[in-house]
Amino acid sequence: MTSVRKFLPFMAALLLGTSFAQAEDTLIVADQKGQQKALLEAAGQDKNLPYTLHWTEFEAAAPLLQALAANAVDTGIAGDGPFLFAWGAHLPIKAAFLVPPRGGGESTAVVTTNSSPLHTAADLSGKRIGTGKGSIGHLLLLRLIATGAIPAPAPHIVFLAPAQAKAALDTGQIDAWSTWEPYVSLAVVESHARNIVDGRNVMPNNSFFVATNEALATKHAQLADFYKRMTAAYAWGTEHQAEYAAILARQTGLPLPVATAVAKRLIAAPAPLTPQVIQQEQTTLDAYRSGGFLKDAGKLEDAFDLTVSTPQ
């Protein structure tokens, strides 16, 4: 029954999104835990839109990317790991705009309970670690293993959704949880967990606004306008983190201390894609290939669309 309850809202979002996504004067945006919507509204960048903006919320990047693949939504933000994992599985999507590393790479981390004997990446050897398959947390573990930061024997990776992983960590069913914001701050601030290791100097730590191939062909102007507004919203958030945190807490139900920590870590400066950024992501694609997950992914440059550019 729990699985059914989780599945029904996702299907409802898909069905609702399909009707919106078919209209050229509507842009439907997939969000994760309400973070982009809160930032856009806090900055006042949702005013006087030349199209209707509709939001749909998801718990993580995987279902968000599935909704994109179904053309139920037009665009949404995802980390480079889950995006390339989905694109490598031949979903009809492309990265269209860059959100550079947020929090210097600290927004993705392996966390554990405060009482755990695990303190360093090397301590994770052979341990049970929860994360989402193809998620940015999964990528972090693959990179830690590939670089030797986690020595042999490799940890046993348990694929779990965020809510399941948090419960498993709290009850001792897993030793650690490789996750991302806002779940890092939820664990550390609310549950008194602690970080073992994060994504700094391990992987590119880029995120992207991802769009469907159909939206890139039929809603190019709307996408360009939306990315321009999100760029302005992020700039506003840099100067007004307290205000952003307050509205994020109100809209998402996150405790204010957690929202404050999330606001601090998630502020960045979105920018158009460049060939240099694309080349950075070869590391990400190689990590999944070497792990045996993406054996027949195409050329890296085919995962990106450089035509959507926000005037600065």
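Two strands count as paired if DSSP finds at least two bridges between them. With that in hand, here are some close-up views of this predicted model.

**View 1. Strands S6 and S7 run side by side.** Strand S6 (residues 128–131) pairs with S7 in the parallel sense, over four bridges. To find your place, look for Thr 131, which stands opposite Phe 159 in S7.

**View 2. Five strands form an open sheet.** Reading across, the order is S7-S6-S8-S5-S9, and the pairing is mixed. Strand S7 (156–159) and strand S9 (194–198) each have a single partner strand, so one side of each is left without a neighbour in the sheet. From one strand to the next, the twist averages 30°.

**View 3. Helix H6 packs on the sheet.** Helix H6 (residues 162–170) touches strand S5 (108–112) and strand S8 (176–180). The direction of H6 makes about 150° with that of S8.

**View 4. Helix H11 has a buried side.** Along H11 (residues 256–266), the buried residues are Val 258, Ala 259, Val 262, Ala 263 and Leu 266. Seen down the helix axis, these buried residues fall within an arc of 135°, so they line one face of H11. An α-helix has 3.6 residues a turn, so residues three or four places apart point the same way.

**View 5. Other helices cover the buried residues of H11.** Included in this cover are helix H2 (35–42), helix H7 (183–190), helix H9 (220–239) and helix H10 (241–252).

Technical notes
Residues numbered from 1 in each chain as written. Predicted model: local features only at pLDDT ≥ 70, side-chain atom pairs only at ≥ 80, totals over all residues. Heavy atoms only, no water. Buried < 20%, exposed > 50% of the residue type's maximum accessible area, 1.4 Å probe, protein only. Helix = DSSP H or I, 4+ residues; strand = E, 2+ residues; numbered from the N terminus. Arc of directions from axis to C-beta. Contact = heavy atoms within 4.5 Å. Axes fitted to C-alpha atoms, helices over the stretch in contact; angles between N-to-C directions.
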